[in-house]
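The structure is shown first, and the details follow by topic.

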Amino acid sequence: MSAKGFLKCMDSNKLHCCPVCKAKFRGTRKCSRCGADLSAIMRLCTIAKQNRENCRTAILSNDFEKAYDLAQKAQGMHNTNPGKKLLILSSWLNSIL
Ligand SMILES: [Zn+2]
């Protein structure tokens, strides 16, 4: 599988297809079509989502350095468009203080 194909399965806030065979993700740890173990990918998506939520909380608490750190971690695990916006915002907020 190409990196582009892998990212296509993970470009939203969660996994929506198997990165190995592209079967629709059915919320199980094992792909129903090819049997691939998706638990590590699911765990990464969950941690990245939690980091984005903690980033939003840090922004609301005016802790922009922490917010920027969390946004970077989230994007490193799971690159998403909302995560990219959080990274840009937290970078800007962190730089003006
Ligand atoms: Zn599969």
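A residue is called buried if 20 or more other C-beta atoms lie within 10 Å of its own, exposed if 12 or fewer, and partly exposed in between, with C-beta atoms placed from the backbone. The model is predicted: local features need pLDDT of at least 70, side-chain atom pairs count only at pLDDT 80 or more, and totals for chains, interfaces and linings use all residues. Residue numbers start from 1 along each chain as its sequence is written.

**Helix α2**
- Helices (H or I, at least four residues) are DSSP runs numbered from the N terminus.
- α2 comprises 22 residues and spans 32 Å from first to last C-alpha, close to the 32 Å expected at 1.5 Å a residue; the expected span is 1.5 Å times one less than the number of residues.
- N62, which follows α2, has a positive phi near 60 degrees.

- The buried residues of α2 are I41, A48, N51, R52, C55, A58 and I59.
- They lie on the same side of α2 because they cover an arc of only 120 degrees around the axis, taken from the directions from the helix axis to the C-beta atoms.
- Turned away from this buried side is a face with the exposed residues S39, R43 and L60.

How values were computed. Helix = DSSP H or I, 4+ residues; strand = E, 2+ residues; numbered from the N terminus.
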